[in-house]
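Biologist: Hello! Could we walk through this model together, one question at a time?

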Amino acid sequence: MLACCGPFGSVYFFACGGVIIKELQINDQIRAKEVRLIDHMGEQLGIVPIERALDIAEEAKLDLVNVAPGAKPPVARILDYGKYRYDMMKKEKESKKKQKTIAVKELRFTPNIEEHDLNTKAKKAIEFLNDGNRIKVSVRFRGREMGHTEIGRRVLDEFVEMVEDYGEVDKKPKMEGRNMTMFLAPKPEK
């Protein structure tokens with residue numbers, strides 16, 4: 001459990017399965033004199049003193065939870081706090097599952113790369129593109145090769161032709177120091 005003190009009292013954070021849930025103020029932890037109250041059915045009961053709100057929550061055998069502490073007056077809701085926290089953790093985990101991280105893979109060439117080596121790199125690039133990754137393709141120039149950057153551009157153009165069915169140029173070739181760099185992205189699905 002991680003703990004952090006905020007300007008309005010203690011705020012707790014729970015780490016559960018890689019998901020961090022902010023702990024809200026409940027029952028006696030609420031410091032406001034009056035709150036905008038929402039009952040367990042979702043109906044607004046208006047602005048009531050905190051003592052009255054706590055009594056209503058106790059009668060319903062539920063918790064009074066400060067769901068919007070920054071509002072004027074704060075919004076408090078009557079609900080089962082344990083169930084609420086469980087649902088929030090479940091939603092957080094579900095949203096993490098749906099996220100897809102896009103990695104940038106890198107392939108490096110030299111201007112005098114042989115045909116077979118270029119084909120091998122193209123096959124690897126097709127695998128990366130099919131997995132949904134972006135590719136950074138760079139041609140490294142050494143010594144006298146810097147005088148013939150057009151050869152590197154031809155290599156990149158040939159490479160793009162090999163993988164054009166699977167990906168498209170995201171950023172055109174550009175010189176960055178001794179490297180000519182270009183980015184490829186997977187073709188959008190129709």
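Modeller: Gladly! Helices (H or I, at least four residues) and strands (E, at least two) are DSSP runs, numbered from the N terminus. This is a predicted model, where local features need pLDDT of at least 70, side-chain atom pairs count only at pLDDT 80 or more, and totals for chains, interfaces and linings use all residues. Residues are numbered from 1 along each chain as its sequence is written, and side-chain values use heavy atoms, with hydrogens and water left out.

Biologist: How many helices and strands does the protein chain have?

Modeller: Counting those runs along the protein chain gives four helices and eleven strands.

Biologist: Is N66 buried or exposed?

Modeller: N66 sits in strand β6, residues 63-68. Buried means under 20% relative accessible area, exposed over 50%, and partly exposed in between (1.4 Å probe, protein chains only). The relative accessible area of N66 is 2%, so N66 is buried.

Biologist: Which residues does N66 contact, leaving aside neighbours within four places in sequence?

Modeller: Contact means heavy atoms within 4.5 Å. With those neighbours set aside, the partners of N66 are L24, Q25, I30, P74, V75 and A76.

Biologist: And E115, how does that residue count in terms of accessibility?

Modeller: E115 belongs to helix α3. The relative accessibility of E115 is 45%, so the label for E115 is partly exposed.

Biologist: What share of the 190 residues of the protein chain count as buried?

Modeller: We use the under 20% cut-off for buried again here. Across the 190 residues of the protein chain, the buried share is 31%.
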